[in-house]
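Thanks for passing this one along.

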Amino acid sequence: MNSSSQLQSTSEIGLPRLALWFGLVGGLGEVAVHAVQRLHRHVLLLLGDDTVWMAPLAVFLLLLVVGLGLSLVQRIRRRPANDLLIPAFILIASLGIMLAYPRLQWAASSVVAAGIAFQGTRTYRRRTAGFDTLVRRTMTPLLGVVLVLAGVLVVTRWRERRPVEVSPPAGSPNVLLIILDTVRELDFDGGDALAHYLPRLASAAHSGVRFTVAIAPSSWTLPSHASMFTGQWPSEHQSNWNQPLDGHFATLAEALREAGYQTAAFVGNRNYVSRETGLAQGFQEFHNLTIGPGELLRSSMLLRKILESPRTKNLLGWHEMLGRRHAPRVTREALDWVSGHQDRPFFVFLNYFDAHYPYLPPAPYDSAVRSLGGGKDPGLRFREDFDGRLPVPAVLEEGKAAYAASMRYLDAQVTGLLDSLAQRGALKNTWVIVTADHGEEFGEHGVTGHGHNLYRTTVQVPLLIWGPGLTPGTSDAPVSLRNIPATVMAWVGTGGSGGFPGVSLLQLRTTGDSARAELIWQPGMLPVDSLGGADLTAWVRDSTRLIRTGSRGEKEFLLSDPFEH
C-alpha cells in the first residue's frame, strides 16, 4: 500500500470532526473537575458560568489549530496525519483536565497527561476501527450535554431577571454604589490622594459629604466587598481566598429587591467580584464577564496557564489580564441599563478595575510613565519585578507613576458616568456613594500590592456621598465601610438599618461616635503580612489605631501618622 492510500485509510474521521470530539471530551472533562471542586471543596476557581460551553469550544479551537499544523507537517513527510494527531490531541485534552485540579502543578499534570497520551495512542493503533465507531456514536450525546448545560444557564439567568412584583414606598430614592477597586486615600507622601490623583472627584465632593478617614473592612477585594454588602465583619462572613460569601447573611441587593427595587451590577473585576464569589446575591442582572476572545481563551485551563504565565507575558510584551473589563464598557453597560429602568427605583452597583495592577493607563494618561521608562510600555519593568517584594527605587517609581496615571484615568471615567447620568435626569432622586475596597502598598512597609497587611496605605480609602437634600461637608471621624448597608436602608424609608448591623454613616458624621472603641475592621486571615503573622485584627481607639498580630501582640499608631512606621 502506498503512503497516499495509507493516509486515506487512517483518516476516515476528518480533522475538524476529530478536533471537535476531543474538544468536547477535554472541555467537558475540565467542567466536570470544576464542578467537583466547587461542590465538595468549595474552592474559588475564578471561572465564569459560561465555562460550561466555552471550555469545549476553546479546546476544540486549540486542537483545530494544532491539528492543521501537524497535518501540514505529516503531508510534507507523506505520513498518515493521525500518527501525530491522535497522541497530540490526547495529550492536550488530558493535560487541560489535569490542570483543572488546583493542587496539581505543571510537572505532575504533564507527567500524568503524557502517560495517558502514550497508553491512549497504543490503544488507538490496536483498535482504530473501534475508536472511529466510538467517535461517531458519542459525538451527538456530547454535543447534547453542552447544549443542555448552556440551556440551564440561560434559564437560570432568565429567572434572575424576572420583574420585581413588590411596590416600593412612594418617593423611594435610587441608590448608586460605585467601588473603585484598589484606590487608596493617601498619596505617596501621606497627603490627599483624592486631590492629587482624582481631582475631578475631589471637586465634585464639595457638593456632597466626604469622609477623610474611611476604613475598608479588609485589605483585599472579596472580604471587603462582602462586608460592604452584608454589614458583617470578614471574621463573621468568612469570605476568603478560597471561600465565597455563602448566603448565610442577607445582602444589600437582596434587601432592596425585597423592598421593590430593581437591582443590577456592572463589574470590572471579573475574578473576585463575580457570581462564583457569592456577591451576585440579590442582583437581577450581574454583568462581570464579557463574552469575547479573552474570556474564551481563559476558559481553557491549558491556554489560561500558558497565557497568564509571567514568562509568556514578558516574552510577548503583553501584560493585560485575559477577559479584563475596562471602565468604558462598565460605564456603557450601566448607562444602557439605567436608560431602560427608570420606571421604579433602582440599586446599581459598579466596580471599576482600572486602577488595579498591572496599571495600564491608556494614552494620554500614560505619558508621564513613558518618560520614566524611556518611552517603553508604562510600568513594564515594575510589572516584570512585581511579586509582592520591593523593587529597586527607579523601578518602584515607574510603578507609582503607572498607578497614579491609572487613577487619573479612572477619575475621568467615573465623573463621566456621573455627568451622563445627570444629563439623563437619573440623579434627581439618587443617593450616590463612591468609595474603594482597599488601597495599595508601594514599599511603605517593605512590600508592594495589597492583602499583605492592615496598614492605612491598604485600608484607608476615599468615601464620598451625595444625596437629595444632603448638607455638604467634610467629616474627619474614622468610619468603617461595613456601615454602608445600614446607611442605605436608612435612606430608602424602610425604617432603621433594615436589619443590617452598624449605623448610618451620616449619623456617625454628626455624632462622631465612630472615633470611640468601635471595631473598624477585622479582616481575618491574609496570605502574607510584614508583621510576622496571618491572623490580623485592627481597630481605632480614641486618637490611635491598633493592629493585633495573632498572639504576637499589638502595635499602636497615632491617627496623625499616615504611614504607621
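1. Strand 6 (residues 346-352) is mostly covered, with seven of its seven residues buried. Buried here means under 20% relative accessible area, against over 50% for exposed and partly exposed in between, with a 1.4 Å probe and protein chains only. Strands are DSSP runs of E with at least two residues and helices are runs of H or I with at least four, numbered from the N terminus. Before going on, a word on the source: this is a predicted model, in which local features need pLDDT of at least 70 and side-chain atom pairs count only at pLDDT 80 or more, while totals for chains, interfaces and linings use all residues. Residues are numbered from 1 along each chain as its sequence is written, and side-chain values use heavy atoms, leaving out hydrogens and water.

2. Which residues of strand 6 sit on each face? Phe346, Val348, Leu350 and Tyr352 are on one side, Phe347, Phe349 and Asn351 are on the other, and all are buried. In a regular strand the side chains alternate between the two faces of the sheet.

3. Strand 6 has parallel neighbours. Strand 1 (residues 174-180) joins strand 6 through six bridges, with Ile179 partnered by Asn351. Strand 4 (residues 262-267) also pairs with strand 6 in the parallel sense over six bridges, and there Gln262 has Phe346 as its partner. Two strands count as paired if DSSP finds at least two bridges between them.

4. The open sheet has eight strands in the order 5-4-6-1-7-11-2-12, with mixed pairing. Strand 5 (285-287) and strand 12 (473-475) are the edges, each pairing on one side only. Neighbouring strands are turned by 10° against each other on average, direction ignored. An antiparallel example is strand 2 (residues 209-211) with strand 11 (residues 463-466), joined by two bridges; Val209 pairs with Ile465.

5. Now for the helix: helix 15 lies across strand 4, strand 5 and strand 6, running at about 175° to strand 6. Angles run from 0 to 180 degrees between N-to-C directions, and axes are lines fitted to C-alpha atoms, for helices over the stretch in contact.

6. Helix 15 (residues 327-339) also packs with helix 18 (residues 393-423) at about 10°, the axes being 10 Å apart. The two are therefore roughly parallel, a label for angles under 35 degrees. Ala327, Pro328, Thr331, Leu335 and Val338 of helix 15 meet Tyr409, Gln413, Leu417, Ser420 and Leu421 of helix 18, where contact means heavy atoms within 4.5 Å.

Methods:
Angles under 35 degrees count as roughly parallel, over 145 as roughly antiparallel, 65 to 115 as roughly perpendicular and the rest as oblique.
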